[in-house]
Amino acid sequence: MTTVTDAGPDPAVSTGVPGLDQVLDGLRIGDNVVWRVTDLEDYRRFVTPFVASATDAGRQIIYLRFGQHPPLLAAGPGIRVIEVDARDGFESFTARIWELVETWGRGAFYVCDCLSDLLNAWATDTMVGYFFRVICPLLYELDTVAWFALLPQRHSRQTLDRIRATTQVMIDVYRAEDDMQVQPVKVWQRQSPTMFLPHRYRDGDFIPVTDSSSATRLQAAIEQQAHASQQLLDGWDRLFLEAEEHAGRTRDETGHALVRRILRVLISRDHRMLDLAQRYLTLDDLTAIHNRTIGSGFIGGKAVGMLLARAMLLQDDPDTWHTALDPHDSMFMASDVWYAFLVYNGLWPAVMEHRTREGFFEQAPALGDAILAGEFPPEVRPELIRTLDHFGQYPILVRSSSLLEDGFGNAFAGKYESVFLINQGDPEHRLEALENAIRQVYASTMSDDALSYRRSRGLEEQEEPMALLIQRVNGRFHDHWYLPDAAAVGVSRNTFVWAPEMDPKAGMLRLVMGLGTRAVDRIEGDHAWVIALDQPLKQPFRSLEENYRFSQHLVDSLDVNGPGLTTTDLTTLAREAPDLPLTSLGETDRAASERARELGLDHPVWRLTFRPLIRQGEVIRLASRMLSTLEAAYAHPVDVEFTIHLGGAGESPRINLVQCRPLATIGDASPVSLPPQPDPHRLLMATRGHFMGGNINLAIHRIIQVNAEAYSALDVHGKYQVATLVGRLARQTPERFNLMLAGPGRWGTSSPELGVPVGFADISRVSVLAEIADMGNGMVPDLSYGSHFFQDLVETGIAYVALFPGERDCLWNPGWLEQHTQQRTIDCLLPDDLPAVAIRECVEVMECEEVPLRILADITRQRLLGGHP
Amino acid sequence: MAARLDEKLEPIFQDVLHRNPGESEFHQAVHEVLETLGPVLVKYPEFVERKIIQRICEPERQIIFRVPWQDDQGEIHINRAFRVEFNSALGPYKGGMRFHPSVYLGIIKFLGFEQIFKNALTGLPIGGGKGGSDFDPKGKSDDEIMRFCQSLMTELYRHLGEYTDVPAGDIGVGGREIGYLFGQYKRITNRYESGVLTGKGLDWGGSRARTEATGFGTVFFTQEMLRARGDSLDGKTVVVSGSGNVAIYAIEKAHQLGAKVIACSDSGGIIVDEQGIDLDTVKRLKEVERRRISAYVEAHKHARYVENGNIWSVPCDVALPCATQNELNGSDAKTLVENGCIAVAEGANMPTTPEGIQIFQEAKLSYGPGKAANAGGVATSALEMQQNASRDSWTFDYTEKRLEEIMINIHKSCFETAGEFGSPDNYVLGANITGFIKVARAMDAMGLI
């Protein structure tokens, strides 16, 4: 018989099997008990008496049912069965278990399904280990006893070690021939001379195998049995080994099944993305992704978008794209690393507080700070070193690639950070910089902006792990500056069609020299070059001077001797890097060059108009082809980011596609759904074509309308006063209101007889600008299509609509406003310095905060509706 | 509400309305001139007898023509162009060409009518005219602009000549367009007739100091207004709205004359630099880099940038509105007066609202209206013609000297005329009447033509 040593004051809890109690010296409150079994029936055999004993003792049993194996228990007196779906991912599952344990509180006992079944949902043991590491301490703290089972042959040694290190009790159960034997592997704070020996089950007792000869024979038998199935590798790696073994045989059903399995754990949970991935990604592609992936789990939406788009292009026209498209050599840090990081740093309790309604914003700063101070799990660091080795000393970009990012309806554009690294210095320094960059991107998940976006789109409950896309920055060195020749954002539907003859379907580009940050971010005071792909040389300006003024003056590049990402004015950069390809990207501004010469400044002065590149034609041709191919493949308008590498003499430019996603919607989450036959009585306005801004689903809370007839009756000075009044009212509008301006003719014109001569600064916080082709005096003005401040509209993302009342497909029904809005008197909104009555009478302010006016626009159908459609 | 006209002038105005239906801008311009002429007719009854006013209101010649052109896709477009040769009593018709969709005959007549008196005010031998087209340069490629200009000149050339009609630029017509127009004129006529257009490039017949002329001229005019009060710009604090050509060179000349300009602006906001605006920075930002004025503070940390700020709230002795129409309203005028401003001169066209002008005049502040204070631009066009006629190219200093003399003369004429008509210091009255009298007297002298 086993002699046990008293290990402490904790009251013993029975396993329900007296013999086993003797072996273990009973269980203790707080014990997590992990059964390593080769057959789940063995686990069931121990669970049944344990539950009977516990319920007899008045304990509440919670059976956490998440496995695919037959149930271990049925609900009954004292036994509650709670089903939890692991397929929603690690975070949701773990959070749910956490909440249950907290809900049931102290003293409840838990029986869990076999942890190995989680592999079916997650495909990775690493996260099984981390799940255990999160939940175990909580169970311990709450004075519970919890039982788990594992099939050890399905897990890597690392995971088994992690679980062993965390649990209080771990017991191996073996079968040798008909004998069942148990061997406690770990029994926390308990010991005896024979406790950790194998015990053979005999007539209700567990007899320790005390002679070494028997023990050796027994062990040999066990090892022989275990040897064939014991894994050195994580289930994740085994999945991809299987994929590699299947290489070249991807068309058979097994291959298809394997692809489907991998897509669900590597690519996405969204069925639309999965459908696309299934069409365009092969098993070989997936294996290649795995070879570039750190950790397990999803590679995130941004990475998926890039990979899918490349695959779409190469399948569509291999001849063109194998030549024109630079291959990528990005690395992916998968989503499980994010969770591992949180768990490893003990941040799960904080994550759980953050997941509550009140904690969503409140806990975020502290959690963000903790993330910035976190350490990487030991298994990650060698991978980071490998990543740096891969990129050498080229600058790299650490980009967010969260699970939901760049998906259908949720672009998360600009919500998370991306960090440029110049990647210079000794390896330790570079590793530290990389780790800091990753922390920074991780911490950006806790930014107000990102959280507000999630809440506004109802995504706060959804799992949103952060994966990373680590890319070599495309470009070349010019002395100590590193930058791509050019970069662009492309949109397959031209959202800013500024001339009636332009075809929205042709798409548009925002082109910059240097890093694409200036094309992606809308930066006040500086402008990317906007190109309508069907009329690429046309610009919405009236003069060369305007052309030059609304061009890119500042260039983003990496100063590898300095701080990294740097914004430099073009003249300075051109002086310091005389080998920049300016003759391909710009032209000299002769007037400015002349002035520069006179003033003793650097000359010639270059303007980035990209005309030589556009005239050369290849980039425009490739961009058009790329956008139309991707839109067709996505069956949805897309936006992309790419860099351009100019070829040498006689060589064509090459493109490096770094991002692709479904085109986002202004306002609420897409998809925008326009009623096919809207009731005209429910509409303020409707038009086919004649709008800019893309897909729109936007609530409007205040409308400022200029009365055409009253406005036309004013003299020039009066018209200017109306513009001033509109500007004051726009600035006075509360931040929470989305504002629409509607008025006759051209907003922002310098000729007041053609429309209201506001300055852009007056209306920069407006969401929608409506120009109505009716001056109220019989005159039909030529609308501006926003061209007076076209660039500003593009940069600020203000939606624009031109309405031609009386024309087919156009509706403008100002009477609707009287019925559905409340009129505000200007005297109340502007307490002092009121203009004359005649001026005030030109301007109406209407509000509809409770039931907002809704603007819906579908760029594909070229239809815009406003009202209560 | 428009002011009532003198009883002798009302029938003339009614006749103008009748003969020019639907041209509201032209009607307004004629009315504004007629409003000021009551006292003139008392002193010069012969103008009534000889029907000078009726003759002035009728253009000598109006040309309307078709301009067909092809866009880059080969599509054919037809625009309409105008040249109104309004009055050549003092010299060849002189006035800009405007390319803008709002252009129609009424606009061109309105602008041409005003141009007669603006040009006359300079005291230089130039008549008045204006032209343009409803062509919209918005979004047109370089090639399209060139094709349009060439097509337009193919018809217009027969009406032009250095002694006949000398167009210049205006809205939508800058150096590029003048180049295309001149090139086509030269090609068709086989004559290098430099004086047929002004606003040319310096290397091919343009004048030095053209860029600086309006800004410099405004400050010369201001200096004269202050001199008339027994004062000068020396030591004065100045604010200049805008940061385009007019503003930049107003700042430069003000600094040269001993003033300190402490604020300037652009459409985004204002810069206040109590140490004095550093003009090199402004020139670099605006003329070379073509950037926003907000970048000024990158080089001058002590300066303040106020987004959407109101420049007229910055206390100053002298204010020079050089940005845009209607930028200075009654409230701004009141602020300037309360802050002790003693002089306002307009570098821009009609920057002050009527309420603002009234407040300035009531406060007895020296107010130089744009038609006089910004006549430096027009004057330099005439100087360019003089250089072309003599096949000469003057130095910058000589051109500037001539400009200064012209501005001093404009001031003198306005000041003396205002005094002659009983409103000393009323430069608005002086400017309105001076030009008219010069033209009217010349017409009278030339007989019934």
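1. pLDDT is the predictor's confidence in each residue, on a scale from 0 to 100. Over residues 1–10 of chain A, pLDDT stays under 50. For this stretch the model has 25 contacts beyond four places in sequence. Where pLDDT is low, the predicted coordinates should not be read in detail.

2. As a whole, chain A has a mean pLDDT of 88, with 94% of its residues at 70 or more. Among the elements of chain A, confidence is lowest in helix H31 (residues 790–796), where the mean is 66. It is highest in strand E13 (residues 331–333) of chain A, at 97.

3. Chain B averages a pLDDT of 94, and 99% of its residues score at least 70. For the model, the scores are ipTM 0.79 and pTM 0.81.

4. Chain B contains 18 helices and twelve strands. Its C-alpha trace spans about 60 × 55 × 40 Å along the principal axes. A compact globule of 449 residues would have a radius of gyration near 22 Å, and chain B, at 22 Å, agrees with this.

5. Of the 449 residues of chain B, 59% count as buried. Taking the contacts in chain B with a separation of 6 or more, 70% are between residues 24 or more positions apart. The accessible surface of chain B is about 17,600 Å², and 47% of it belongs to carbon and sulfur atoms.

6. Two residues of chain B deserve a check of their backbone angles. B:Ala209 is not a glycine, yet has a positive phi of about 70°. B:Ala209 sits in the loop between helix H8 (175–189) and helix H9 (210–228) of chain B. B:Ala209 counts as buried because its relative accessibility is 7%, and the cut-off for buried is under 20%.

7. B:Arg391, also not a glycine, has a positive phi of about 50°. B:Arg391 is found in the loop between helix H16 (376–389) and helix H17 (396–420) of chain B. With a relative accessible area of 74%, B:Arg391 is exposed, since exposed means over 50%.

8. In chain A, the peptide bond from A:His603 to A:Pro604 is cis, with omega near 0°. A:Pro604 belongs to the loop between helix H25 (590–599) and strand E25 (606–607) of chain A.

9. A:Phe541 lies in the loop between strand E21 (529–532) and helix H22 (544–549) of chain A. A:Phe541 has a relative accessible area of 3%, so it is buried. From A:Phe541 to A:Ala311 the separation is 230 residues in sequence and 38 Å in space, C-alpha to C-alpha.

How values were computed. Residues are numbered from 1 along each chain as its sequence is written. Chains are lettered from A and ligands numbered from 1 in the order in which they are written. This is a predicted model: local features need pLDDT of at least 70, side-chain atom pairs count only at pLDDT 80 or more; totals for chains, interfaces and linings use all residues. Side-chain values use heavy atoms; hydrogens and water are left out. Helices (H or I, at least four residues) and strands (E, at least two) are DSSP runs, numbered from the N terminus. The radius of gyration is taken over C-alpha atoms; the globule rule is 2.2 Å times the number of residues to the power 0.38. Buried means under 20% relative accessible area, exposed over 50%, partly exposed in between (1.4 Å probe, protein chains only). Contact means heavy atoms within 4.5 Å. Accessible areas come from the Shrake-Rupley method with a 1.4 Å probe; for residues, only the protein chains shown count as cover.
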